[in-house]
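Reader: I would like to learn how to read a model like this one. Please take me from the whole chain down to single residues.

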Amino acid sequence: MRSLSLSFRKKVQCFGFCKLNRAHMRGYVDCHCHISARDFDKDIDEVVENSKKAGLLALLAVAEHAGEFEKIVELSQRFPGFIFPCLGVHPVQEVSPEQQRGASLQDLDAALPIIQKYKDHLVAIGEVGLDFTPRYVSCDSDKESQRQVLIRQAQIAKELDLPLNVHSRSAGRPTIHLLKEQGVEKALLHAFDGKPSVAMEGVKAGYFFSIPPSIIRSEQQKLVKQLPLENICLETDSPALGPEKQVRNEPRNICISAEYISKIKGVSLQTVMEVTTQNALRLFPKIKTAIRP
């Protein structure tokens, strides 16, 4: 797929590539992005405007820690009907720019009051999950701590009747198994890096998998080949997971994910757009205010 990836790199440079014929296409939903990241502080209005020009109908803004919850809610109020808040505690927490560690229940304790405060405004609990990357976990107790944080957030999601927006780096199978054990019925596995056979266990459980623009240079191509389109959503994970490494990713690049999926699956771009948007509506029904015929 290398030649296809190179052609996409050229197309990324052309903003017209992301524009849509609105008479025939409805638009995209970015199911997982970090629009509250400091990377966007200086030009958030331009980023949002470019996203809309690229055909985006809604952005799901995910959190990583309690410290950014209020900012995400403020952005959702600043751009109503376009940015939708998801609050949750990520499995990896930053101690300093040079040091990170696994999440603990103490991290969750700080987040719970804010989640309760804004519970009626949330479209999902996230970003939550497991991350067993060796540099973040040094022993079984580290893994167990992450599991406990995820279990509690799964319970909160069920109590609030909200889906989970899930991270599962180097922990695909443990994450899916834990979600199933906890009776989670509504979940999005973002940027899944596990084996396609493991992902199919999630498909059987009714879970969805979102694909970022980095697919043009990643192993996720194998995943997309096997996943049913009815279980695929789109994401950018902005500002990360863009088409090029070390270059700020933006929500407007969602079209790169869609175009690449259409080539892998052998279906039209319009089909990918329509099906993934309907999938997003099924999983995140609160965004329906942004999706108008």
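Author: We go through the overall fold, then the backbone, then a few residues.

Author: This is a predicted model, in which local features need pLDDT of at least 70, side-chain atom pairs count only at pLDDT 80 or more, and totals for chains, interfaces and linings use all residues. Residues are numbered from 1 along each chain as its sequence is written, and side-chain values use heavy atoms, with hydrogens and water left out.

Reader: How many helices and strands does the protein chain have?

Author: Helices (H or I, at least four residues) and strands (E, at least two) are DSSP runs, numbered from the N terminus. The protein chain has 10 helices and 10 strands.

Reader: What does the radius of gyration say about the protein chain?

Author: The radius is taken over C-alpha atoms, and the globule rule is 2.2 Å times the number of residues to the power 0.38. For 293 residues, a compact globule would have a value near 19 Å. The protein chain has 18 Å, which agrees. Its C-alpha trace spans about 50 × 40 × 35 Å along the principal axes.

Reader: What share of the residues is buried?

Author: Buried means under 20% relative accessible area, exposed over 50%, and partly exposed in between (1.4 Å probe, protein chains only). Of the 293 residues, 55% count as buried.

Reader: What share of the contacts joins residues 24 or more positions apart?

Author: Contact means heavy atoms within 4.5 Å. Take the contacts with a separation of 6 or more: 72% of them are between residues 24 or more positions apart.

Reader: How many positive and negative side chains are there?

Author: Lys and Arg count as positive and Asp and Glu as negative; His and the chain ends are not counted. Each charge is placed at NZ of Lys, CZ of Arg, CG of Asp or CD of Glu. There are 39 positive and 35 negative side chains. The centres of the two sets lie 6 Å apart.

Reader: Now the backbone. Which peptide bonds are listed as cis?

Author: Start with the general idea. Most residues other than glycine have a negative phi, and most peptide bonds are trans. Here, the bond from Gly126 to Glu127 is cis, with omega near 15°. Glu127 lies in strand E6 (residues 124-129). A cis bond also joins Ser238 and Pro239, with omega about 5°. Pro239 sits in the loop between strand E10 (232-234) and H9.

Reader: Where does Asp237 lie?

Author: Asp237 lies in the loop between E10 and H9. Its phi is near 55°, a positive value in a residue other than glycine. Asp237 counts as buried because its relative accessibility is 8%.

Reader: Is Ala191 buried or partly exposed?

Author: Ala191 is partly exposed, with a relative accessible area of 21%. Its phi is near 45°, again positive in a residue other than glycine. Ala191 belongs to the loop between strand E8 (187-190) and helix H7 (196-204).

Reader: What does Phe192 touch?

Author: Phe192 also lies in the loop between E8 and H7. Phe192 is buried, at 2% relative accessibility. Not counting residues up to four places away in sequence, Phe192 touches Ser168, Gly172, Ile176, Val198, Ala199, Phe209, Gln220 and Leu223.

Reader: Where is Gln220?

Author: Gln220 lies in helix H8 (residues 220-226). Gln220 is buried, with a relative accessible area of 7%. Beyond neighbours within four places in sequence, its contacts include Ala191, Phe192 and Ile211.

Reader: What does the side chain of Ser257 reach?

Author: A polar contact is a pair of N or O atoms within 3.5 Å; within protein, one must be able to donate a hydrogen and the other to accept it, and residues adjacent in sequence count only if both atoms are side-chain atoms. The side chain of Ser257 reaches the backbone oxygen of Ile211 at 3.0 Å. Ser257 is found in helix H9 (residues 254-265). With 0% relative accessibility, Ser257 counts as buried.
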